[in-house]
Amino acid sequence: MNIPTLAEFEDAAAVLDDVVVKTPFDVSEHLTDVLGAPVYLKLENLQRTGSFKIRGATYRLSRLTAEERARGVVAASAGNHAQGVALAAQKLGIPATIFMPLGVPVPKLLATRGYGAEVILEGATVETPLRLAAEFAERTGAVLIHPFDHGDVIIGQGTLGLELWDAV
């Protein structure tokens, strides 16, 4: 994968402008004391889905072609990526199937379903859902939305760095 450029992050931030909340920062007094330098925390837990994962999922889905959108998307996650993909798919009108491990936290499961995704529970760890999602993509033609191993996901998630730069 090529190293993303500043222009790519800026373009992604423009796409995400109406989707993500520009979350605030807080200084961790404890970490600042321990490290002897200010440590800022970006409060991405205040995103609608509870994490920064909405950024990468939304940007990745926004770049799909009409033909890819019609085939639907599939993902695997224990929660944060699942919610991000499900909400992004709902907003863009894309069918979504999410594989999640057994024992996933109930609020994450309910939120993922609440955003309209079909959820399939399988496996004790996220490795099984990742394998099943890849097999599902191959079998059905759905686009696999990997939780981190795709340039668009990385660029979308990295947009929080622009906010950090602007604020700090």
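Ala12, Val15 and Leu16 of helix α1 meet Arg55, Thr58, Tyr59 and Ser62 of helix α3. Contact here means heavy atoms within 4.5 Å. Of the residues in this α1–α3 contact, four are nonpolar, two polar and one charged. The nonpolar class is Ala, Val, Leu, Ile, Met, Phe, Trp, Tyr, Cys and Pro; Asp, Glu, Lys and Arg count as charged; the others, Gly among them, count as polar.

This is a predicted model: local features need pLDDT of at least 70, side-chain atom pairs count only at pLDDT 80 or more, and totals for chains, interfaces and linings use all residues. Residues are numbered from 1 along each chain as its sequence is written, and side-chain values use heavy atoms, with hydrogens and water left out.

Now the geometry of that first pair. Helix α1 covers residues 6–16 and helix α3 residues 53–62; they pack at about 95 degrees, with axes 10 Å apart. Axes are lines fitted to C-alpha atoms, for helices over the stretch in contact, and angles run from 0 to 180 degrees between N-to-C directions. α1 and α3 are therefore roughly perpendicular to each other. The classes are: under 35 degrees roughly parallel, over 145 roughly antiparallel, 65 to 115 roughly perpendicular, and the rest oblique.

Helix α3 also packs on helix α5 (residues 80–92). Their axes come within 8 Å and cross at roughly 40 degrees. That makes α3 oblique to α5. The crossing is right-handed. The term right-handed means that the near helix is turned clockwise from the far one by less than a right angle; anticlockwise is left-handed. On the α3 side, the contact residues are Lys53, Ile54, Ala57, Thr58, Leu61 and Ser62. Helix α5 answers with Asn80, His81, Gly84, Val85, Leu87, Ala88, Ala89 and Leu92. The α3–α5 contact residues divide into eight nonpolar, five polar and one charged.

Helix α5 has another partner, helix α6 (residues 106–114). This pair packs at about 15 degrees, with axes 8 Å apart. α5 and α6 are therefore roughly parallel to each other. Here the crossing is left-handed. Asn80, Ala82, Gln83, Ala86 and Gln90 of α5 touch Lys108, Ala111, Thr112 and Gly114 of α6. Three of the residues in the α5–α6 contact are nonpolar, five are polar and one is charged.

Turn to the sheet. Four strands form an open, parallel sheet in the order β5-β4-β3-β6. Two strands pair if DSSP finds at least two bridges between them. β5 (118–121) and β6 (143–144) are the edge strands, each pairing on one side only. β3 (residues 73–76) and β4 (residues 96–100) pair in the parallel sense over four bridges. Ala75 stands opposite Ile98 in β4. Helix α7 (residues 127–140) packs on the sheet and touches β3, β4 and β6. The direction of α7 makes about 165 degrees with that of β3.

Finally, the whole protein. It has eight helices and six strands. Helices (H or I, at least four residues) and strands (E, at least two) are DSSP runs, numbered from the N terminus. Along the sequence the pattern reads α-β-α-β-α-α-β-α-β-α-β-α-β-α. The radius of gyration is 17 Å, close to the 15 Å that the globule rule gives for 168 residues, so the protein is as compact as a globular protein of that length. That radius is taken over C-alpha atoms, and the rule is 2.2 Å times the number of residues to the power 0.38. Along the principal axes, the C-alpha atoms fill a box of roughly 50 × 35 × 30 Å.
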